[in-house]
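Please look through the sequence and the model below before reading on.

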Amino acid sequence: MAGYADLSGTLGPGLVAVIAYDGLCTFEFGIAVEVFGLPRPEFDFTWYDFRVVSADGARLRAAGGIVVEAAPDLSILERARTIVVPGWRDRGERPPDQLLESISHASEGGARCLSICSGAFVLAAAGLLNGRRATTHWRHVPDFKRMYPDIQVEEDVLYVDEGNVITSAGSAAGIDACIHLVRRDFGGKVANNVARRLILSPHRDGGQAQFIAAPVQERPGRKVSKVLDWARERLDHPLEVRHLADRAAMSERTLLRRFQESLGLAPGEWLQRERMYRARELLESCDDSLDDIAEKCGYRSLEAFRAAFKRIVGTSPAAYRKRFQRKA
């Protein structure tokens with residue numbers, strides 16, 4: 001496979017341009033390099049082109065005493081399919097006008113923009129978020145709201161996808177947002193492979209909470225974990241929350257609390273998303289009819305399956321299969 005034709009007809013995923021600046025956030029920058037900039041010999045199709053573009057000159061200081069050399073040529077953004085802003089050195093400092101103008105013009109020309117953590121302040125200053133939903137690190141939310149009152153700030157999510165603009169919360173949530181973009185471009189199977197190379201769960205959805213104020217366990221408790229495994233093996237059954245509660249020997253109210261504490265999701269929402277993960281895998285990997293796939297994912301009718309898929313994935317099952325199915 002030499003590449004793929006995305007919904008706009010462009011061959012391959014195109015150029016990812018990552019903005020570097022003096023005082024660069026090293027971890028956020030590394031996320032972009034790891035996901036988009038490394039060779040992918042495990043794939044037999046075109047991966048992203050990758051360039052680092054400087055907003056502040058050819059030689060930059062990064063956090064941790066690291067020096068980064070990058071092309072001080074913002075005109076590269078005109079050729080970018082995707083622009084990544086890995087944080088910003090001072091949310092109270094207006095980014096250089098030339099940088100903002102270059103990002104704005106690239107966006108008008110069709111480039112997608114993705115920010116990590118405080119990088120949302122750059123996209124906001126460039127005018128890309130006016131009247132739209134966005135997120136940033138929870139510690140920055142008060143300043144973000146004060147500085148940009150026209151933006152609908154989602155305070156407690158990992159990332160927000162507004163189509164041509166994706167904003168992510170704290171640094172690690174930037175990994176989730178980048179993997180999400182890979183999933184948009186190549187489908188779930190490829191995104192899962194990239195996540196596996198990172199030793200990362202591929203299924204942290206953007207709607208999950210940034211943080212929970214009370215101390216929580218990093219992994220679901222044993223009872224909840226066993227219920228998750230049990231349910232994943234039975235997604236072809238019409239499972240309901242009461243079935244999960246019975247399996248866990250808990251009341252539905254207790255199960256709801258345990259799910260929220262462990263996963264940041266209600267049990268019913270978790271079930272729907274697990275069914276969608278299964279559906280996407282099947283649509284990418286087999287030639288089963290949509291009726292069969294709906295049944296294997298626990299939907300009682302094709303209409304219900306189509307409606308749920310459209311609501312959660314954003315497209316129809318048939319369109320998703322056409323775009324992402326890979327044949328041997």
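This is a predicted model: local features need pLDDT of at least 70, side-chain atom pairs count only at pLDDT 80 or more; totals for chains, interfaces and linings use all residues.

1. Residues are numbered from 1 along each chain as its sequence is written, and side-chain values use heavy atoms, with hydrogens and water left out.

2. Searching the whole structure gives 22 salt bridges, where the term stands for a side-chain nitrogen of Lys or Arg within 4 Å of a carboxyl oxygen of Asp or Glu.

3. One of these joins the side chains of Arg59 and Glu69, at 2.8 Å from N to O. The pair links distant parts of the chain, with Arg59 in strand S3 (residues 59-62) and Glu69 in strand S4 (residues 66-69); strands (E, at least two residues) and helices (H or I, at least four) are DSSP runs, numbered from the N terminus. Both Arg59 and Glu69 are exposed, a word used for over 50% relative accessible area, whereas buried means under 20% and partly exposed lies in between (1.4 Å probe, protein chains only).

4. Glu162 and Arg132 also form a salt bridge, at 3.9 Å from N to O. Here Glu162 sits in the loop between strands S9 and S10, and Arg132 in the loop between helix H3 and strand S7, 30 residues apart. Glu162 counts as partly exposed because its relative accessibility is 23%.

5. A further salt bridge connects Glu233 and Arg234, at 3.6 Å from N to O. Glu233 counts as exposed because its relative accessibility is 62%, while Arg234, at 27%, is partly exposed.
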